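Please consult the sequence and the model shown here.

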Amino acid sequence: MKTIGEEPVYEVFARRVEGEPLRHVGCVAAPADALARVYARSIYDEESWLEMYVVPRRAIIPVESVRGEAVDAHV
Amino acid sequence: MAPVTDEQLVERIQQGHIIESPEEMTDDYRRTLIHILTVSADTEMISAPSYYTAARNVPSMNNLISALAIIQDELSHAHIGYRILQDLGVDTEALIYDRPPTQFKHPYAFDVPLRSWIELIVANAFYDRAGFVLLGDVYRNCSYGPWRRALAKVDKEENFHLRHGENGMRRLSATHRDEIQRAIDWMFPITVEWFGLPDHLKTHTKQIAYRLKGSTNDQLRQTWLRTAVPLCESLGFRVPAHYDRASDTYVLDYPLPVDFDEEERRWLMDRPITWDDVLTRWKRRGPGNAMFVEMLQRGRRQMRSLLAVH
């Protein structure tokens, strides 16, 4: 059983209108993809987004980075 | 990135450098950031049970829907603050669910329960305006990138909340005059006090040196007064402050700080006290503190015991 409160982090990306870049709008912590989608949709509701995606933070691979380690030391 | 001394970091920040990750921080910067973020996240969090308690007595379904929309916003702002704290290595599970109520760091104003829809409207006009002033300053100045970016959403929504309060006061000013005035009488001074110690007594100067915020307590209080006083005056309500043409500032008509009767929710304008007295009252916390924190923690406790059984 996973301890509550120690969930993996997902980065949230969204696009407002066609032609605009997909941008980073925040992040959520969730035990699984399905809940991450729900959290992202309900927390980042400040715009009527055309598209929204969640990406597990551990899937982000640093290429050029100010950080010495992977983005997520927390997971 | 090479480790820096505190002096080097302050110099870098003064030149406009934005910090993006914990490894660029000194221990003291990290501590100061964690403190100010905890105050901010706790404030957003506790406003939910406080507003919800008042929203249970709303006159119409439309009023309830707008109150719930505001509460939902506040919870997402709290989430953003705690999420950033997690990335700084803070155990937010313990912070939120295991902390004793008196250890929460939200302003004292939220510990005094709101009793009506009118008071919720005035809270939107006053408290959310304070949040908008404080976080707007952070949004424009903060040296910590992740928090600064996250505040784009918060800034937008707090502005919506304070407009909700203004429109409500305007709409109800003819029919609910006395009730609004009574709310203003205790809620105006409690918001003035919220901005904290005056600059000549303030100890957290590191928050400015690190540019975690850009303005001092007195400057922020003045920014709040500059819009809150004209709002009330334009609707014909009395406030204990006025505009002083000579200094182009808003001046209080009573000596800050003064004594507060918690039970009667009445400010004793002729009883000046010291800021030490205020800090004692803040640390003791107000009448709604235990109940509001319990509302936040109860469900998690029940879930934990269920998980332990299965």
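The model is predicted; local features need pLDDT of at least 70, side-chain atom pairs count only at pLDDT 80 or more, and totals for chains, interfaces and linings use all residues. Residues are numbered from 1 along each chain as its sequence is written, while chains are lettered from A and ligands numbered from 1 in the order in which they are written.

Chain B has 11 helices and 4 strands, taken as DSSP runs (H or I of at least four residues for helices, E of at least two for strands). Further values for the chain are tabulated below.

| Property of chain B | Value |
|---|---|
| Span of the C-alpha trace along its principal axes | about 65 × 65 × 35 Å |
| Buried residues | 38% of the 310 residues |

Helix α2 (residues 27-55) of chain B packs with helix α3 (residues 61-87) of chain B at an angle of about 160°, the axes being 8 Å apart. The pair α2(B) and α3(B) is therefore roughly antiparallel, the term for angles over 145 degrees. By class, their contact has 18 nonpolar, 5 polar and 2 charged residues.

H106(B) lies in the loop between α4 (92-97) and α5 (117-141) of chain B. H106(B) counts as buried because it has 23 C-beta neighbours inside 10 Å; the cut-off is 20 or more other C-beta atoms within 10 Å. The C-alpha atoms of H106(B) and I46(B) are 7.2 Å apart, although 60 residues separate them in sequence.

Note on methods:
Axes fitted to C-alpha atoms, helices over the stretch in contact; angles between N-to-C directions. Parallel < 35°, antiparallel > 145°, perpendicular 65-115°, else oblique. Nonpolar A, V, L, I, M, F, W, Y, C, P; charged D, E, K, R; others polar. Buried ≥ 20, exposed ≤ 12 C-beta atoms within 10 Å, placed from the backbone.
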